[in-house]
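Please look over the sequence and the model below before reading on. The paragraphs that follow lead through its backbone, its helix packing and some of its individual residues.

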Amino acid sequence: MGILTDSVSFAESVDPDIPPAVKLCPEAGLAAGRYANHETPEMFDTLSERFNSVFRNLRGVGRITEENVAEAMREVRTALLEADVHIEVAKAFCAEVHEKAIGAEVVKTLKPDQLMVKIVHDELVTLMGPVDPRIPFVTPGPTVLLLAGLQGSGKTTTCGKLAKMIMEKAKRPLLVAADLKRPAAIDQLEVIGEQVGAPVYTERGHSNVVKVCRNGINQARKTDRDVVILDTAGRLAIDEEMMSEVAKVAQVTTPHQIYLVLDAMTGQDAVATAKAFNQRLELDGLILTKFDSDTRGGAALSAKRITGKPIKFMGVGEKMDALEPFHPDRIAGRILGMGDMLSLIEQAQKAFDKEEAAKLEAKMAKGRMSLDDFLGHLRKMKKMGSMKDLLKKIPGLGSQVDDMEIDDGELGQFEAIILSMNKRERRDPSILDASRRRRIARGSGSDPQDVSGLVKSFNQMRDAMKAMSGMSMMQRMKFGTQLSQMAAGGEAMPKFKSSTKARQRPASKKDRRKQRKRRR
């Protein structure tokens, strides 16, 4: 229950209008630690573990010397090479970190490991940035965006994701099916366009790609579409025919932005592909797909230094809304286990209505949150992604999440238990006796102990939320840190003073007879 609460003060300092999804997130603690969940590791997980190991070793040394720093940099270089980072990039990165560490007199500081973390973080940000993820729209339109890439990189799907992202900015995109080589490429783009609600311009049976793109731009002007996304053809490997075709399309249509879509799982091959494309096209940025895979992440760390072109966006899932701007500082924070609170806040703001969030926060502050409120909160949390992914974005928890046993299916079990209750029970869980718990357990396919555990955790969470509502920023910070340490260590949660008065059990017929006898 207290796992997310230590981020309250940091989140509020970033944005005072953060919804309770981030400020007061009850589901995280309820979902943490009952059943095993075998997920595929995320990108950078291995690299993050290696970095944390290096910093732990520095922390354990009584006195830091230049030799300790040099040894740490050797381990960092090994970790980068194992993550498929380009060897020249790894060497240059370690040399710059070593130079700055000595220049900053790390060996003389009281907490050298913390200063080393800051230096490494800053160098990671420099390595991957600077990046401006905004798309420069022109007036009058249309703004033409050309997407190039090899087959299998996710180019056509990325066109749909980009269209959906643009539509959220009150733009009206038109997708142009300019991949006339791959079978069913036009059909795929039409399906994706229907999913995101964007029209698709097609010319079936045509072989002149340049003419199709030019006609598509003219169609956008006629139909008042202010953005055109060109889905060009790809190949399994780079060849002269493909490069000439894309170069000709770029020459005739003069796109305002040219993005190269790369598969992050191909590692250094992705960087080599970007270098080859950039020699023929003047790229404006890169889009890395499959960022949620178990790839080692070398492409993300090497692309900017080798090609000179920034990563603009990253695909983080299969759904059409799974395209995010690339922020080097946030990625560096994830690599070093520092979390990514800003991305978590943005996800919460998309999932939660501001007015509903304010009402829920007011109920939390008064200790009047019901299981109906909790159920609605739970469903919105499920839309934000898996619980492990959310917890990894909390500062200080990134390195601990892998040791936690978290099953997202348990959130579904919570939902089933709550839906098996009647309205009165959801409004006032204190009336649940043994027979009611057995009935709810049968209805939800769970055990009575699970029902009792959910109610107990819910009551603890509700009391904790009310206790935190009256605290100052520093008190919340201290309180949240204590709760997080207890949750991570598997300790029992503290008992909070409840604001509700103890309920007296209704007298039975036998009790009333005894009372009458005593009065006589």
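**A walk through the predicted model**

Most peptide bonds are trans, and most residues other than glycine have a negative phi.

Ala 170, in the loop between α8 (155-167) and β2 (173-178), has a phi near 65 degrees, a positive value in a residue other than glycine. With a relative accessibility of 63%, Ala 170 counts as exposed, because the cut-off for that class is over 50%. Lys 290, for its part, is found in the loop between β6 (285-289) and α13, and its phi is likewise positive, near 60 degrees, in a residue other than glycine. The relative accessibility of Lys 290 is 32%, and Lys 290 therefore counts as partly exposed.

For the chain as a whole, the secondary structure comes to 24 helices and 8 strands. Of the 520 residues of the chain, 49% count as buried. Among the contacts in the chain with a separation of 6 or more, 75% are accounted for by residues 24 or more positions apart.

Two helix pairs can be followed in detail. Two packed helices are described by the angle between their axes and the distance between the axes. Helix α5 (residues 66-82) and helix α6 (residues 87-103) pack at an angle of about 155 degrees, with their axes 9 Å apart. That angle makes α5 roughly antiparallel to α6, since angles over 145 degrees are placed in that class, and the crossing of the two helices is right-handed. On the side of α5, the residues that meet α6 are Glu 66, Val 69, Ala 70, Met 73, Val 76, Arg 77, Leu 80 and Leu 81; their partners in α6 are Ile 87, Ala 90, Lys 91, Phe 93, Cys 94, Val 97, His 98, Ala 101 and Ile 102. Sorted by class, the residues of this contact between α5 and α6 divide into 13 nonpolar, 1 polar and 3 charged.

The other pair is formed by helix α12 (residues 268-280) and helix α13 (residues 298-307), whose axes come within 8 Å and cross at roughly 30 degrees. The helices α12 and α13 are therefore roughly parallel to each other, and their crossing is right-handed. Gln 268, Ala 270, Val 271, Ala 274, Lys 275 and Asn 278 of α12 make this contact with Gly 298, Ala 299, Ser 302, Ala 303, Ile 306 and Thr 307 of α13. By class, the contact of α12 with α13 has 6 nonpolar, 5 polar and 1 charged residues.

Helix α6 also contains Glu 96, which at 28% relative accessibility counts as partly exposed. When residues up to four places away in sequence are not counted, Glu 96 touches Glu 123 and Arg 305. Glu 96 and Glu 123 are 27 residues apart along the chain, and their C-alpha atoms are separated by 7.8 Å.

Is Asp 226 buried or exposed? Its relative accessible area is 15%, so Asp 226 is buried, the cut-off being under 20%. Leaving aside neighbours within four places in sequence, Asp 226 is in contact with Gly 141, Pro 142, Thr 143, Lys 171, Arg 172 and Pro 173. Of these, Gly 141 is 85 residues from Asp 226 in sequence, with a C-alpha to C-alpha distance of 4.8 Å.

The cysteines close the tour. Cys 159 is buried, with a relative accessible area of 0%, and Cys 213, at 0% relative accessibility, counts as buried too. A search of the whole structure finds 0 disulfides.

Notes. Residues are numbered from 1 along each chain as its sequence is written. This is a predicted model: local features need pLDDT of at least 70, side-chain atom pairs count only at pLDDT 80 or more; totals for chains, interfaces and linings use all residues. Side-chain values use heavy atoms; hydrogens and water are left out. A disulfide is a pair of cysteine sulfur atoms within 2.5 Å. Buried means under 20% relative accessible area, exposed over 50%, partly exposed in between (1.4 Å probe, protein chains only). Axes are lines fitted to C-alpha atoms, for helices over the stretch in contact, and angles run from 0 to 180 degrees between N-to-C directions. Helices (H or I, at least four residues) and strands (E, at least two) are DSSP runs, numbered from the N terminus. Angles under 35 degrees count as roughly parallel, over 145 as roughly antiparallel, 65 to 115 as roughly perpendicular and the rest as oblique. A crossing is left-handed if the near helix is turned anticlockwise from the far one by less than a right angle, and right-handed if clockwise. Contact means heavy atoms within 4.5 Å. Ala, Val, Leu, Ile, Met, Phe, Trp, Tyr, Cys and Pro count as nonpolar, Asp, Glu, Lys and Arg as charged, and the others, Gly among them, as polar.
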